[in-house]
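Hi,

Here is the structure I promised to pass on. My notes follow below it.

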Amino acid sequence: MRSTLFSSNESRDVLPNATLTGNTSMISIQNLSQAFANQYVLKGIDLTVTKGTVLALLGPSGCGKSTLLKLLAGLLQPTDGAIYFADRLVANAHHLTPPEQRNLGMVFQDYALWPHMTVFQNVAFPLRMRGVARHAVQERVDVALERVGLIDFAKRKPADLSGGQQQRVALARAIIAEPEILLFDEPLSNLDIALRQSLCEEMAQLLRTLEITAIYVTHDPKEATTLAHQIAHMQNGTIESLTTL
Ligand SMILES: Nc1ncnc2c1ncn2[C@@H]1O[C@H](COP(=O)(O)OP(=O)(O)OP(=O)(O)O)[C@@H](O)[C@H]1O
Ligand SMILES: [Mg+2]
């Protein structure tokens, strides 16, 4: 294990200047480690993602991809190391900014839609939580549903949609509040191969249009090359190499 950047009783909340390259770093992960019951599943991860970059985390089952994503989302607190969004500390062993204060959108493998809400209500949910006025919600949800090609499905419930359509709803919900960062955990892995390919290409286009910073977890090298600007190859809790496409 490498030494920590900061001693255990010192918590900095601003990224040291030396690591700010041109001030464009959106995500900075420094010597990040995660242990469960003294077993390290992430070991000293260092990674910087610049603004507007889509980075794919590619690696075999169990190598720690979802754990790293959960740390970025704020669903886990790191055992060691630190995470900064822009120059703001969001997590170390002594500090944890909760997920709702991180300005991020998330899309998971199982979609995680509310079954009792319509498509419109699901997508509107993050805006309602923020107290956005009703007419503005209507306008913004329409734009998001238009973007993902679901404007005619607004009144349906998730159970009455195909897997691919449900995943588009999850994507619309993730982008509706205009987050700075999008996190994806194998969002297409429950879909059949043809649909996976076409949705992957659509998603790649959308990410480029939005010019958003994103981390995209996948097992599939083809998906990674279609979507990402950079690929981090993970193995056994470490990043083995970083490829820029
Ligand atoms: N809460 C937990 N408690 C104990 N061990 C855990 C916990 N969460 C994850 N692990 C372990 O950490 C390791 C990494 O898990 P993780 O889910 O990050 O892998 P992954 O790369 O996402 O795999 P997959 O591709 O199968 O989704 C695994 O060995 C897993 O069993
Ligand atoms: Mg996983």
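Contact here means heavy atoms within 4.5 Å. Axes are lines fitted to C-alpha atoms, for helices over the stretch in contact, with angles from 0 to 180 degrees between N-to-C directions. Helices (H or I, at least four residues) and strands (E, at least two) are DSSP runs, numbered from the N terminus.

This is a predicted model, so local features need pLDDT of at least 70 and side-chain atom pairs pLDDT 80 or more, while totals for chains, interfaces and linings use all residues. Residues are numbered from 1 along each chain as its sequence is written, and side-chain values use heavy atoms, without hydrogens and water.

First, the sheet. Five strands form an open antiparallel sheet in the order β2-β1-β4-β5-β6, where pairing takes at least two DSSP bridges between two strands. β4 and β5 pair over 3 bridges, and I83 stands opposite A91 in β5. Helix α1 (residues 65-73) lies across β1 (25-36), β2 and β4, at about 120° to β1.

In the loop between β4 (80-85) and β5 (88-92) you will find D87. D87 and T24 are 63 residues apart in sequence and 9.5 Å apart in space, C-alpha to C-alpha.

Then there is a helix pair: the axes of α2 (residues 119-129) and α4 (residues 163-175) come within 7 Å and cross at roughly 30°. V119, N122, V123 and P126 of α2 make the contact with V169, A172 and R173 of α4.

Best wishes

Conventions:
Chains lettered and ligands numbered in written order.
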